[in-house]
Each structure stands twice: as structure tokens, then as C-alpha cells.
Amino acid sequence: SFLRGASKPEELVVAAKLMGFSAIGLADRNTVAGVVRAWQQAKVETLSYHPGCRLVFCDGTPDILAYPQDRKGWGHLCRMLTQANLRDETEKGATLLQRGDLLEWGDLMSLAVLPDLSTGTQDSLALLRQLKDRFGRNLRLGVSPCYAGNDRFRIEQAAALAEIAGVPLMATNDVLYHTAERRPLQDVLTAIRLNTPVAEVGLQLAANAERHLKPPMEMARLFRRHPQALAETLRFAQELTFS
């Protein structure tokens with residue numbers, strides 16, 4: 001997304017092809033602005049490509065990845081984003097999306113909730129149960145490593161939460177750039193977004209350079225205790241037929 005990701009959509013697609021990915025999806029924050037450029041490059045690379053969106057809410061709902069399954073699902077996604085953007089905006093760039101928008105327009109989409117595992121699990125469990133009642137088998141719980149020294153605990157926590165809620169666990173990578181060498185640029189973009197010099201941004205910067213695409217073997221190592229979470233990414237992609 002603008003001032004957040006440090007790689008072009010085309011670069012992500014090329015890197016995914018070189019790493020041997022079976023498919024790649026693109027999910028900007030509350031927009032589908034980058035999906036066409038990624039799609040054009042995916043045609044060149046003959047790589048299966050899925051457009052989507054990272055839904056970021058203003059009401060405390062955790063981020064949710066939303067990928068349309070077909071043409072009607074794409075229309076629902078665009079309608080949801082448009083409905084949110086039509087609300088009275090009090091601050092330029094403010095997040096206006098609400099959970100009710102998803103409940104209204106979320107049909108025919110494959111969804112992956114990205115809960116905040118550093119807080120209590122009761123709210124996350126209640127949300128998962130609500131969304132499962134609404135969207136059934138189209139719902140997953142997504143988790144990615146954060147490299148803060150507690151990833152084994154976090155992934156186990158996410159797996160337990162998914163099991164209690166009765167939804168599949170799915171591995172994600174929370175990518176901002178295609179290679180670790182782009183981390184300095186991402187820091188600069190973060191500083192620009194916050195209108196603060198890089199030297200003064202402090203803890204707003206990422207703690208490491210790990211938010212890059214990783215090859216399948218590395219993802220298998222990271223999720224070696226939960227291989228079903230990697231297998232779920234393939235099942236997730238197989239549900240998506242929209243181009």
C-alpha cells in the first residue's frame with residue numbers, strides 16, 4: 001500500500017515466480033489500487049494470481065484479508081470499500097470501514113482474520129464465532145511470524161484459538177517488500193507517512209527486515225509444527241476463480 005509497502009506489485013510477482021510459488025495474492029489496505037499491475041505481470045510470468053484487499057477497520061475489528069471468489073464477490077468487495085469511503089471523512093486518509101460493512105457485503109469472499117495475539121483471546125474468539133456463523137467455511141484464522149522471540153508461542157496460541165473456534169489455521173507472511181534489502185526504503189516511507197524524520201520515528205519502524213517474501217522451504221521451516229497451516233494456503237487459493 002502507498003507509503004507502507006517498499007516494493008512494486010510487479011516486483012512481488014517476479015520474486016514469487018523465482019521462488020517457485022504456486023500462486024500469489026495482493027492485498028492493499030482498504031483499496032484494490034495495485035491489483036491490475038500485479039495481474040499484468042502475473043500474465044507475463046504465467047503465475048496464478050489472485051486480487052484481494054486487506055480490510056482495516058475503524059471500530060477495533062482486527063485486520064481481515066478478503067479475496068473475492070468470483071465476479072460477484074469482486075463486486076461485493078468493491079461495493080464494501082465504496083460504501084465505507086462515502087461516509088463523512090473527518091480526517092484525510094482516515095479508516096472508515098466498519099465490521100457491519102463486512103457482514104453486509106462479505107459473501108462470496110474467502111476471508112482470513114489476523115487477530116492481535118498480544119491481547120486477550122476472548123474478543124478474538126467472539127469475533128471468530130460471529131464471522132463463522134455468518135460466513136461458514138469461507139473463514140480462516142491467519143498467523144505470521146513476527147520474529148520477536150515468541151513466535152513458537154504465538155503460532156501455538158493461534159492454532160489453539162482456531163481449534164476452539166472451529167476454523168482452519170492458515171500461514172501468512174505479512175509481506176511489505178520482495179527482498180530484505182528493501183527494508184531501509186520501507187523505513188523512509190514510514191517516516192514520510194508519519195511526517196517525522198527517520199531518526200525520530202523510533203518504535204514506529206519495524207524491528208527487523210523480515211517482512212519480505214520467503215521461499216516455500218523457509219515457510220515450511222517456520223511452520224514445521226503446523227504443516228496444515230501451509231496446506232491451507234493452497235486450499236484457500238483453489239477457492240478463488242476471479243480474474
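Which residue has a side chain joined to that of T61 by a polar contact of 2.9 Å? In this predicted model, the side chain of D59 makes that contact with T61, a polar contact being a pair of N or O atoms within 3.5 Å, where within protein one must be able to donate a hydrogen and the other to accept it, and residues adjacent in sequence count only if both atoms are side-chain atoms. The side chain of R99 is likewise joined to that of T61 by a polar contact of 2.9 Å. T61 lies in the loop between strand 2 (48–55) and strand 3 (64–68); strands (E, at least two residues) and helices (H or I, at least four) are DSSP runs numbered from the N terminus. With residues up to four places away in sequence left out, T61 touches R99 and L127, contact meaning heavy atoms within 4.5 Å. T61 has a relative accessibility of 5% and counts as buried (under 20% relative accessible area; exposed, over 50%; partly exposed, in between; 1.4 Å probe, protein chains only).

Residues are numbered from 1 along each chain as its sequence is written, and side-chain values use heavy atoms, with hydrogens and water left out. As the model is predicted, local features need pLDDT of at least 70 and side-chain atom pairs count only at pLDDT 80 or more, whereas totals for chains, interfaces and linings use all residues.

Zero disulfides (pairs of cysteine sulfur atoms within 2.5 Å) were found in a search of the whole structure. C53 is in no disulfide, and the nearest cysteine sulfur, that of C78, is 9.0 Å away. C53 is buried, at a relative accessible area of 0%, while C146 is partly exposed at 32%.

The second largest pocket has a volume of about 190 Å³. On a 1 Å grid over the protein atoms alone, a pocket is an open set of points with protein on both sides within 12 Å along at least five of seven lines, and lining residues have an atom within 4 Å of a point. The lining includes P145, D151, R152, R221 and H226. Helix 6 (151–165) and helix 9 (216–222) each supply at least two lining residues, and helix 6 gives the most, with four. By class, the lining comprises four nonpolar, one polar and six charged residues.

N195 is placed in the loop between helix 7 (183–194) and helix 8 (198–201) and is exposed, with a relative accessible area of 70%. The C-alpha atoms of N195 and R152 are separated by 35 Å.

Conventions
On a 1 Å grid over the protein atoms alone, a cavity is a set of points where a 1.4 Å probe fits but cannot get out, and a pocket is an open set with protein on both sides within 12 Å along at least five of seven lines; lining residues have an atom within 4 Å of a point. Grid points are joined across faces, edges and corners, and a volume is the space filled by probe spheres set on the points. Ala, Val, Leu, Ile, Met, Phe, Trp, Tyr, Cys and Pro count as nonpolar, Asp, Glu, Lys and Arg as charged, and the others, Gly among them, as polar.
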